[in-house]
Amino acid sequence: MAAVLKVEDLHKSFKLGFIPKIKKILKGISFSVEEGEIYGYLGPNGAGKTTTIKCILGLVHPERGKIEVFGLHHLSLQAKEKIGYLPENPYFYDYLTASEFLNFCGQLFLMEKKKKEERVKELLQLVGLENASDLQLRKFSRGMLQRVGLAQALLSSPSLVILDEPLGGLDPLGRKELRDIILRLKKEGRTVFLSSHILQDIEMVCDRVAILVNGEVISQGALHQLVSEKIHFTEVILSGIDTEELKGLAESSSAKGERTLLKILSEENLEKILELVHSKKGKIHSLVPRTETLEDIFVEIVKQR
Amino acid sequence: MKIGAIALNTFKEAIRDRILYLLFFFAAVCIIFSRILALLTVGDRVKIIKDVGLASLSLFGALMAILMGVGLVFKEIDKRTIHTLLVKPIHRYQFLLGKYFGLVLTLLVMLLGMSIIFLAVIFAHTFKLEWQLLVAILFIFFELCLVTSVALLFSCFSTPILSSLFSLSFYLIGHFSWGLETLIKKVKPGLGKTLAQLLYHFVPDLENFNFKMEVVQKLPIPPKIFLFSTLYGIFYTVFVLTLALLVFRKRDFI
């Protein structure tokens with residue numbers, strides 16, 4: 001597959017403070033995003049995620065490095081036409097209504113009036129704002145602004161969608177809807193570059209991820225390669241068994257009312273417990289094998305640094 | 001097209017600004033007050049109305065250009081609306097020119113509004129429409145275009161308060177630069193004179209746009225002077241806008 005976004009050896013530093021002190025933000029970042037994938041860009045606060053995105057979009061000038069979008073220079077208008085961007089904490093012209101704002105954005109893409117109006121209507125429906133289209137943006141909540149932001153990012157049907165912390169400010173339902181939209185974009189053949197620190201969401205939707213710490217990409221690759229499928233332990237909630245009989249079979253146990261929560265490390269012990277429950281006519285309420293999560297890897301890497 | 005869209009959006013934003021209406025109100029009060037002032041004057045009463053009226057148009061127009069202009073780019077950066085805009089398929093110069101022409105359009109509308117009040121007050125006094133006054137107003141507009149470009153330049157790298165001070169200084173220096181001419185004549189040849197001459201060529205001369213006296217006194221103005229003032233306005237504005245573009249092109253939007 002062709003690289004949609006290629007970043008090579010990106011460096012950026014800022015002068016901070018009254019007596020300027022140089023702070024290196026990006027220290028030679030390289031990665032490439034393939035066509036049609038959802039690429040997760042992870043990192044703790046201040047790692048340089050937003051700065052990388054701003055370099056890609058031309059809001060910040062990198063000191064060194066090369067950025068290509070669809071093989072084009074990232075600042076060329078042809079490249080920009082193919083990108084849709086949702087900023088972190090989006091701010092828009094609050095005196096405009098949602099539909100006026102989207103129409104204004106459409107003018108910057110030189111969209112035909114009729115096509116533009118149809119697309120605006122379609123997008124407002126997609127992000128669930130069809131009833132708020134004539135409301136001034138200053139009256140919008142943060143979550144609603146995030147939805148308008150997503151609509152403007154998708155306005156030109158971009159081939160590459162860059163989302164910077166898109167899930168912040170959304171309620172659980174909104175997050176689910178956004179995840180569905182991201183998956184739909186992938187289905188439509190679009191490439192999504194997603195920066196976030198909400199790891200569960202990244203894990204749910206991303207094909208590949210890069211982990212950024214202190215301005216350096218520490219680890220990158222396919223999600224299934226980074227996260228091993230080996231079971232670390234199994235959590236079992238059961239009832240109807242005397243806790244004395246479970247001694248030595250589980251690593252730790254806690255009881256609440258009739259129910260007992262067990263953490264079982266070996267498969268052998270798990271089988272013994274299941275046999276015991278079966279013979280004593282007890283009841284298993286839940287059995288959850290815990291594999292390594294992206295969060296475990298992320299925490300481990302950040303701690304090492 | 002893209003510049004037009006940004007200009008129209010800037011216009012929509014600017015006409016919602018209360019400062020604009022406050023200044024418009026004060027300008028209207030001054031123009032109307034000139035009629036009362038004329039009643040207290042011995043001599044040519046219409047001249048007083050014309051003098052005060054044109055001075056009001058120039059001063060309040062310049063204040064509008066400065067106070068609105070200094071926030072043009074700064075507000076976009078401060079509110080981070082620029083992040084959404086500059087990632088669209090537009091060049092930075094298109095954004096900056098869009099902002100500039102948006103404010104110029106706003107100033108044109110405001111100047112037209114003030115001019116209507118001004119001409120109406122004169123009409124109420126003389127029962128004549130004095131169209132030649134439009135010449136002076138046209139050159140006030142050229143001056144406002146230049147002042148707006150200066151405010152925009154400062155807005156690209158400075159805070160609104162500092163930008164206001166710089167732009168106001170530009171306006172004042174521009175109107176008093178003729179003092180340097182007198183100084184050059186009086187100073188003996190040497191380093192002082194050379195420095196004064198250098199400064200004289202560097203500082204703007206906004207008096208090039210001042211045709212108030214000629215129009216009020218109905219003096220003939222040679223077309224050569226019109227042409228010179230127009231070209232001076234165009235070249236100076238283009239020069240300042242180019243500087244603004246160079247500054248804006250290099251900026252990082254963190």
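How many helices and strands are there in chain B? Chain B has 12 helices and zero strands. The model is predicted.

## Chain B: fold and size

Along the sequence, chain B reads α-α-α-α-α-α-α-α-α-α-α-α. Of its 254 residues, 40% count as buried. Take the contacts in chain B with a separation of 6 or more: residues 24 or more positions apart account for 81% of them.

The C-alpha atoms of chain B fill a box of roughly 60 × 55 × 30 Å along the principal axes. A compact globule of 254 residues would have a radius of gyration near 18 Å, so the 20 Å of chain B agrees with that.

## Chain A: the sheet

Chain A holds an open sheet of six strands with mixed pairing, in the order 6-7-8-3-9-10. Strand 6 (83–86) and strand 10 (216–222) of chain A are the edge strands, and each pairs on one side only. From one strand to the next, the twist averages 15°.

Strand 3 (residues 38–42) and strand 8 (residues 191–196) of chain A pair in the parallel sense, over five bridges. Here A:Leu42 stands opposite A:Ser196 of strand 8.

## Chain A: helices on the sheet

Helix 1 (residues 49–57) of chain A lies across strand 3, strand 6, strand 7 (160–164), strand 8 and strand 9 (208–213). Helix 1 runs at about 145° to strand 7 of chain A.

Helix 5 (residues 142–154) of chain A also packs on the sheet, where it touches strand 6 and strand 7. The direction of helix 5 makes about 170° with that of strand 6 of chain A.

## Where the chains meet

The contact takes 24 residues from chain A and 19 residues from chain B. On the chain B side, helix 1 (2–14) and helix 5 (81–86) each supply at least two residues. By class, that side has eight nonpolar, seven charged and four polar residues.

Conventions
Residues are numbered from 1 along each chain as its sequence is written. Chains are lettered from A and ligands numbered from 1 in the order in which they are written. This is a predicted model: local features need pLDDT of at least 70, side-chain atom pairs count only at pLDDT 80 or more; totals for chains, interfaces and linings use all residues. Two residues are in contact if their C-beta atoms, placed from the backbone, lie within 7 Å. Helices (H or I, at least four residues) and strands (E, at least two) are DSSP runs, numbered from the N terminus. Ala, Val, Leu, Ile, Met, Phe, Trp, Tyr, Cys and Pro count as nonpolar, Asp, Glu, Lys and Arg as charged, and the others, Gly among them, as polar. The radius of gyration is taken over C-alpha atoms; the globule rule is 2.2 Å times the number of residues to the power 0.38. A residue is buried if 20 or more other C-beta atoms lie within 10 Å of its own, exposed if 12 or fewer, and partly exposed in between; C-beta atoms are placed from the backbone. Two strands pair if DSSP finds at least two bridges between them. Axes are lines fitted to C-alpha atoms, for helices over the stretch in contact, and angles run from 0 to 180 degrees between N-to-C directions.
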